[in-house]
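User: Got a model open here and want a quick walk through the packing. Can you take my questions as they come?

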Amino acid sequence: MQQGEIFFSVVIPLYNKVHYIGDTIRSVLNQTYANYEIVVVDDGSTDGSYERVCDFAESHPQIKVLRQKNQGVSVARNKGIDSAQNDYIAFLDADDVWDKNCLETFRDLIEKFDGEYAFAVAQRDYLLNNKMEKGKTMLIRDHCKYNYLFQTSCICVRKSVFDEVGMFKPGAQTGEDRDCWLRISCRHPFVFCNKELVLHPKTTENNLGAIKKRPAAEVFPYWEWYGYSSLYAQNIKRYASGMILWQAFDFYKSGQYEEARRMLKRIRSAHHVLRRLALRVCLLFKR
């Protein structure tokens, strides 16, 4: 059993979410478990988001507001981790909201699974309906079998984990969170509780999923995953190949055909050979 009280630092990176950040912060302030601080890192917002958070901080001393020039979500999260005062880091994106029992659930998991380092709950519409009873808890060791569960706002980890695996990789605009959870899972299983405690809106002002074209330099280097050491290394290789293939299709659909070809050349796993060949056929007709 965990000795003593458990304290959380809730890290919220913020960039131009003025219409959402109020609900996000209120969802933390309304938690049934009150041992927490909120660390908001504004990443150079220009829409009044920073001022909105400062208004909250004036009447809620548990909110710490930091500001930096725009450097991306990874740098913002890393700054929040560095500034966190507590042993457990819970992540919350600035357009997501928590159920009031989210931190209490993390507390219960930490106490029940003393000795574990990484914890997760479910986001609405991401329950393991066909594999696990709602509300049940399991240890996930093979991250790649369940990667879609690991939404950022569903995660809580011991701060010391980042000394082992490193922080979020700066620069990439997509994939930096998947990479961080994968690196953690190479060393520690995730304790996953199949409860819907996180809600994410379908559309937001700067949702990366809605961006049609993206510079290749902003794409996460998924091929690095081929070198990750794990008992489940073969599954990680298949996972990496799938993500590279997905990016190739993304480039293809946005008309960036040369970038799609470059991505295809990086795939190593035979698991995706047929789909890779199919995309290559498509690309031949675009020359």
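User: What do the buried residues of helix 1 pack against?

Analyst: This is a predicted model, to be clear. In it, the buried residues of helix 1 pack against strand 1, strand 2 (36-42), helix 2 (49-59), strand 3 (63-67) and strand 5 (97-98).

User: And how many residues of helix 1 are buried?

Analyst: Seven of the nine. Helix 1 spans residues 21-29 and is mostly covered.

User: Which ones are buried in helix 1?

Analyst: Ile21, Gly22, Thr24 and Ile25 are among them. Ser27, Val28 and Leu29 are buried in helix 1 too.

User: Switching to strand 4. Which way do its residues point?

Analyst: Strand 4 covers residues 88-91. Tyr88 and Ala90 point one way, Ile89 and Phe91 the other.

User: Are those four buried or exposed?

Analyst: Tyr88, Ile89, Ala90 and Phe91 are all buried.

User: How do strand 1 and strand 4 run, parallel or antiparallel?

Analyst: Parallel. Four bridges join strand 4 to strand 1, which is residues 8-14.

User: What stands opposite Phe91 there?

Analyst: Valine 11 is opposite phenylalanine 91.

User: Now strand 8. In which sense does it pair with strand 4?

Analyst: Antiparallel, over three bridges. Strand 8 is residues 155-158. Its arginine 158 stands opposite tyrosine 88.

User: Other end of the chain. At what angle do helix 7 and helix 8 cross?

Analyst: Roughly 165 degrees, with the axes coming within 7 Å. Helix 7 is residues 233-253 and helix 8 is residues 257-265. That angle makes the two helices roughly antiparallel, because angles over 145 degrees count that way.

User: Left-handed or right-handed crossing?

Analyst: Left-handed, as helix 7 passes helix 8.

User: Which residues meet?

Analyst: From helix 7, Ile244, Leu245, Gln247, Ala248, Phe251 and Tyr252. From helix 8, Tyr257, Glu259, Ala260, Met263 and Leu264.

User: What's the makeup of that contact by class?

Analyst: Nine nonpolar residues, one polar and one charged.

User: Zooming out. How many helices and strands in the chain?

Analyst: Nine helices and nine strands.

User: What share of the chain is buried?

Analyst: Buried residues make up 51% of the 287.

User: Last one. What share of contacts comes from residues 24 or more positions apart?

Analyst: 78%, counting contacts in the chain with a separation of 6 or more.

How values were computed:
Residues numbered from 1 in each chain as written. Predicted model: local features only at pLDDT ≥ 70, side-chain atom pairs only at ≥ 80, totals over all residues. Heavy atoms only, no water. Axes fitted to C-alpha atoms, helices over the stretch in contact; angles between N-to-C directions. Parallel < 35°, antiparallel > 145°, perpendicular 65-115°, else oblique. Left-handed = near helix turned anticlockwise from the far one by under 90°. Contact = heavy atoms within 4.5 Å. Nonpolar A, V, L, I, M, F, W, Y, C, P; charged D, E, K, R; others polar. Buried < 20%, exposed > 50% of the residue type's maximum accessible area, 1.4 Å probe, protein only. Pairing = 2+ DSSP bridges.
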